[in-house]
Amino acid sequence: MAWRANLSRNLKELRILFSPSSAQSAATRSFIEKNYRDLKTHNPKLPILIREANSIEPQLWARYDLGVERGIRLEGLTEEQISKALEDLVKVGASPKA
């Protein structure tokens, strides 16, 4: 899980969007409850934005240098798959062409 400490090196902002009550966002809500503190502890200056909105599909967005953004739909993913998706976004930020 060393990649978690690289969030602030590779990303400029992380956004997580989900519905506070829908079943399709349950894994995303659980991921946030279990991982937010650890992510923020390792990356205190990185903006990690948690956005709740009714009837929205769960999504994970990463913003890199020069305003480049990448997003992943989280609907149907487990907590482990969400963690892997975030890890993949961090690795994209490590490459010269984000």
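1. Terms and model. Buried means under 20% relative accessible area, exposed over 50%, and partly exposed in between, with a 1.4 Å probe and protein chains only. The model is predicted: local features need pLDDT of at least 70, side-chain atom pairs count only at pLDDT 80 or more, and totals for chains, interfaces and linings use all residues. Residues are numbered from 1 along each chain as its sequence is written, and side-chain values use heavy atoms, with hydrogens and water left out.

2. Two positive phi values. Ser55 has a positive phi of about 60° and is not a glycine. Ser55 sits in the loop between β2 (48-52) and β3. Its relative accessibility is 75%, so Ser55 counts as exposed. Leu66 is also no glycine, and its phi is positive, near 60°. Leu66 belongs to the loop between β3 and β4. At 87% relative accessibility, Leu66 counts as exposed. For background, most residues other than glycine have a negative phi.

3. Overall fold. The protein chain holds three helices and four strands. Helices (H or I, at least four residues) and strands (E, at least two) are DSSP runs, numbered from the N terminus. Along the sequence the pattern reads α-β-α-β-β-β-α. The radius of gyration is 13 Å, close to the 13 Å that the globule rule gives for 98 residues, so the protein chain is as compact as a globular protein of that length. That radius is taken over C-alpha atoms, and the rule is 2.2 Å times the number of residues to the power 0.38. The C-alpha atoms fill a box of roughly 35 × 25 × 20 Å along the principal axes.

4. Burial and contacts. Of the 98 residues in the protein chain, 39% are buried. Contact means heavy atoms within 4.5 Å. Take the contacts between residues at least 6 apart in sequence: 70% of them join residues at least 24 apart.

5. Nonpolar core. A nonpolar core is a set of buried Ala, Val, Leu, Ile, Met, Phe, Trp, Tyr and Cys residues joined through side-chain atoms within 4.5 Å. The largest one has 19 residues. Leu7, Leu11, Leu14, Leu60, Leu86 and Val90 have the most contacts inside it. Two or more residues come from each of β1 (13-18), α2 (26-42), β3 (59-63) and α3 (79-94). The largest share, four residues, is from α3.

6. Helix α3. This helix has 16 residues and spans 23 Å from first C-alpha to last, close to the 22 Å expected at 1.5 Å a residue. The expected span is 1.5 Å times one less than the number of residues. Which residues of α3 are buried? They are Ile82, Ser83, Ala85, Leu86, Glu87, Leu89, Val90 and Gly93. Their cover includes α1 (7-10), β1, α2, β3 and β4 (69-73). Leaving out residues up to four places away in sequence, Val90 touches Trp3, Asn6, Leu7, Asn10 and Leu11.

7. Strands β3 and β4 pair in the antiparallel sense over five bridges. Pairing requires at least two DSSP bridges between the strands. Gly71 in β4 is the bridge partner of Trp61. Five residues separate the two strands of the hairpin, and Leu66 is in the turn.

8. Annotation. An unreviewed UniProt entry lists residues 20-93 as "domain: Ribosomal protein/NADH dehydrogenase". UniProt positions follow the numbering used here, feature names are shortened, and annotations may be inferred rather than shown by experiment. In the model, the end C-alpha atoms of residues 20-93 lie 29 Å apart. The span is 43% helix and 20% strand.
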